[in-house]
Amino acid sequence: AGSLRMAKPRRAPRPRPKSRAELTAREAEAWAELTAAWRGLPDVALQQPGACGPDWSVKDVMNHIAAWLEAAMRVIPELRRGRPATAGHSVDRFNALRHAEDQDRSLAATRRRLNVARRQVLALCDALPEKQILDYEGRIGWWIKYSTYGHYSEHLYELTEFRARMTTGR
């Protein structure tokens, strides 16, 4: 399978959230935009390559986002203990390995996985001190941003374009 291609964001980056409430609102807004990109599309379209780059389907992107949320659930507790922690591979290698592992996962299982992983990360964020979730120089804030709203936005443009192609037939 080919690698995941990142598209340019549709809008300029916004300032980082400065409170738990701002972070929660930003995540919810980005999640709503992301899920709107595939909501209502038929299952066959969600499994069709071409949603992000030539090879990745919407289902692949769902699994990809879930994999990074799951990685955050492993990494953040280690960072809280003061231990070094990573995803275990470079970004490209992590993506390629997870993509290969997820090929046989059903669309229904993919949806469940994504929703469970998101709920777990949000619950973890709720349990962390505000200072930690907003510490972008420290690794915890970085992991929260780039496994949630920052990550969702990386895929939004291409998913929105894919949706337009699927709904207009072009």
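This is a predicted model: local features need pLDDT of at least 70, side-chain atom pairs count only at pLDDT 80 or more; totals for chains, interfaces and linings use all residues.
User: Which residues have the most contacts inside the largest nonpolar core?

Analyst: Those residues are Trp38, Val58, Ile76, Leu114, Trp143, Ile144 and Leu159, in a core of 46 residues. In general, nonpolar side chains tend to be buried together in soluble globular proteins.

User: Which elements give two or more residues to this core?

Analyst: They are helices H1 (20-36), H2 (43-46), H3 (58-80), H5 (107-127), H7 (139-147) and H8 (149-168). The largest share comes from H3, with 13 residues.

User: Let us take Trp143. Is it buried or exposed?

Analyst: Trp143 has a relative accessible area of 4%, so it counts as buried, the cut-off being under 20%.

User: What is Trp143 in contact with, leaving aside its neighbours within four places in sequence?

Analyst: Trp143 is in contact with Trp68, Ala71, Ala72, Val75, Ile76, Leu79, Thr86 and Ala87.

User: How many aromatic pairs does the structure hold?

Analyst: There are 5 aromatic pairs. One of them joins Trp142 and Trp143, whose ring centres are 5.6 Å apart. This pair is edge-to-face because the ring planes stand at 80°, and the cut-off for that class is over 60 degrees. Trp142 also forms a tilted pair with Tyr146, at 5.1 Å centre to centre and with 45° between the planes.

User: Where do Trp142 and Tyr146 lie?

Analyst: Both lie in helix H7, 4 residues apart, which is about one turn of the helix. In general, an α-helix has 3.6 residues a turn, so residues three or four places apart point the same way. Trp142 is partly exposed, with a relative accessible area of 32%, and Tyr146 is partly exposed at 33%.

User: Which residues form the aromatic cluster?

Analyst: Trp68, Phe94, Trp142, Trp143 and Tyr146 form one cluster. Arg98 lies over the face of Phe94, 4.8 Å from the ring centre. Arg139 lies over the face of Trp142, also at 4.8 Å from the ring centre.

User: A change of topic: where is the kink in H8 centred?

Analyst: The kink, of about 40°, is centred on Leu156. H8 has 20 residues and reaches 28 Å from its first C-alpha to its last, close to the 28 Å expected. Just after H8, Gly169 takes a positive phi of about 80°.

User: Which residues of H8 are buried?

Analyst: The buried residues are Tyr149, Gly150, His151, Tyr152, His155, Leu156, Glu158, Leu159 and Phe162. What covers them includes H1, H2, H3, H5 and H7.

Notes: Residues are numbered from 1 along each chain as its sequence is written. Side-chain values use heavy atoms; hydrogens and water are left out. A nonpolar core is a set of buried Ala, Val, Leu, Ile, Met, Phe, Trp, Tyr and Cys residues joined through side-chain atoms within 4.5 Å. Buried means under 20% relative accessible area, exposed over 50%, partly exposed in between (1.4 Å probe, protein chains only). Contact means heavy atoms within 4.5 Å. The expected span of a helix is 1.5 Å times one less than its number of residues. The bend at a residue is the angle between axes fitted to the seven residues ending there and the seven starting there. Rings of Phe, Tyr and Trp (its six-membered ring) pair if their centres lie within 6.5 Å; planes under 30 degrees apart count as stacked, over 60 as edge-to-face and the rest as tilted. A charge sits over a ring if NZ of Lys or CZ of Arg is within 6 Å of the ring centre and within 35 degrees of the ring normal.
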